[in-house]
Amino acid sequence: MIIPKLHYISQGNSSKEHLENIQKACTSGIELVQLCLKNVSEKKFLKLAKEAREITSHFQTRLIIKDHYKIAKEVKADGLHLGKIDSYPTIRKDLYTWQIIGGTANTLQDCKTLIGKEVDYIGLEHFRSTTTNDDLSLGLNGYTAITEALKTKTPIIGIGGITTEDVADILETGVSGIAVSEEITQNFNTIRIFNQLLNASSTEEQRHTFK
């Protein structure tokens, strides 16, 4: 499966808001949604995942489930995104063969570990610090250093406070795409702008042409 260049990480103060925002993102042309809801029971997450699957299926949008691998399989989501590196070998066996697995990385070593686990894509965070994370930001220099050190074909998706103004510079670092939450939730029309910026990247074409 080709990994889309733009991911929307669901956001909201309630389950209802998450679903409403997923609906808006799909209506606005998002290709991939990651259902990310913290501090809820597995039963509630399953109900939400089923409803999210209905919405995304209607729009032929891919759905990725954060962390809950059993739910990802039950609702036949397109894939799973995990934060815990040590879970990969066993979870792969528990999913359908066609489901993709992405993993979170904060460092070069994290990325190397994930590549060793044969993940389908890496979510590299954080590009910049946000209100929801206190971690040090990697920035453009961090992204460039990691992609140059890795020289991997595994897609790397940038995460963390990314805006439309960052896209051109981020693509120049060698990162494949971006995952966005706040900027899209505030204005779903930015999906169209993000898509234009990501698809119109001459940088990536040059990188592949002149290797």
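Reply: What follows sets values against the definitions behind the labels.

Reply: This is a predicted model, in which local features need pLDDT of at least 70 and side-chain atom pairs count only at pLDDT 80 or more, while totals for chains, interfaces and linings use all residues. Residues are numbered from 1 along each chain as its sequence is written, and side-chain values use heavy atoms, with hydrogens and water left out.

Me: What makes up the protein in terms of helices and strands?

Reply: The protein has 10 helices and eight strands, where helices (H or I, at least four residues) and strands (E, at least two) are DSSP runs, numbered from the N terminus.

Me: Why is Phe45 called buried?

Reply: Buried means under 20% relative accessible area, exposed means over 50%, and partly exposed lies in between (1.4 Å probe, protein chains only). Phe45 has a relative accessible area of 1%, and therefore counts as buried. This residue lies in helix α2 (residues 42-58), and, with residues up to four places away in sequence not counted, Phe45 touches Leu35, Leu37, Val40, Ile65, Lys66, His68 and Ile71; a contact here means heavy atoms within 4.5 Å. The C-alpha atoms of Phe45 and His68 are separated by 8.5 Å, although the two residues are 23 apart along the chain.

Me: How do you know that the span of α2 is close to the expected one?

Reply: The expected span of a helix is 1.5 Å times one less than its number of residues. With 17 residues, α2 reaches 24 Å from its first C-alpha to its last, which is close to the 24 Å expected. The buried residues of α2 are Phe45, Leu46, Leu48, Ala49, Ala52, Arg53, Ile55 and Thr56, and their cover includes α1, β2, β3 (62-66) and α3 (69-74).

Me: What makes strands β1 and β2 a pair?

Reply: Two strands pair if DSSP finds at least two bridges between them. Three bridges join β1 and β2 (residues 32-35) in the parallel sense, with Ile9 standing opposite Gln34 in β2. β1 also runs parallel to strand β8 (residues 177-180), again over three bridges, and there Tyr8 stands opposite Val180.

Me: How do you know that both faces of β1 are covered?

Reply: In a regular strand the side chains alternate between the two faces of the sheet. In β1 (residues 6-9), Leu6 and Tyr8 on one side and His7 and Ile9 on the other are all buried.

Me: Which residues touch the most other members of the largest nonpolar core?

Reply: A nonpolar core is a set of buried Ala, Val, Leu, Ile, Met, Phe, Trp, Tyr and Cys residues joined through side-chain atoms within 4.5 Å. The largest one has 50 residues, of which Leu6, Ile30, Leu35, Ile65, Ile178 and Ile184 touch the most other members. Helix α2 gives the most to this core, with six residues. Apart from it lies another core of 10 residues, among them Leu32, Ile64, Ile100 and Ile157.

Me: Why is the contact between Lys47 and Glu51 called a salt bridge?

Reply: A salt bridge is a side-chain nitrogen of Lys or Arg within 4 Å of a carboxyl oxygen of Asp or Glu. The closest N and O atoms of Lys47 and Glu51 are 2.9 Å apart, and the pair forms a salt bridge. Both residues lie in α2, four residues apart, about one turn of the helix. Lys47 is at 55% relative accessibility and therefore counts as exposed, whereas Glu51, at 30%, is partly exposed.
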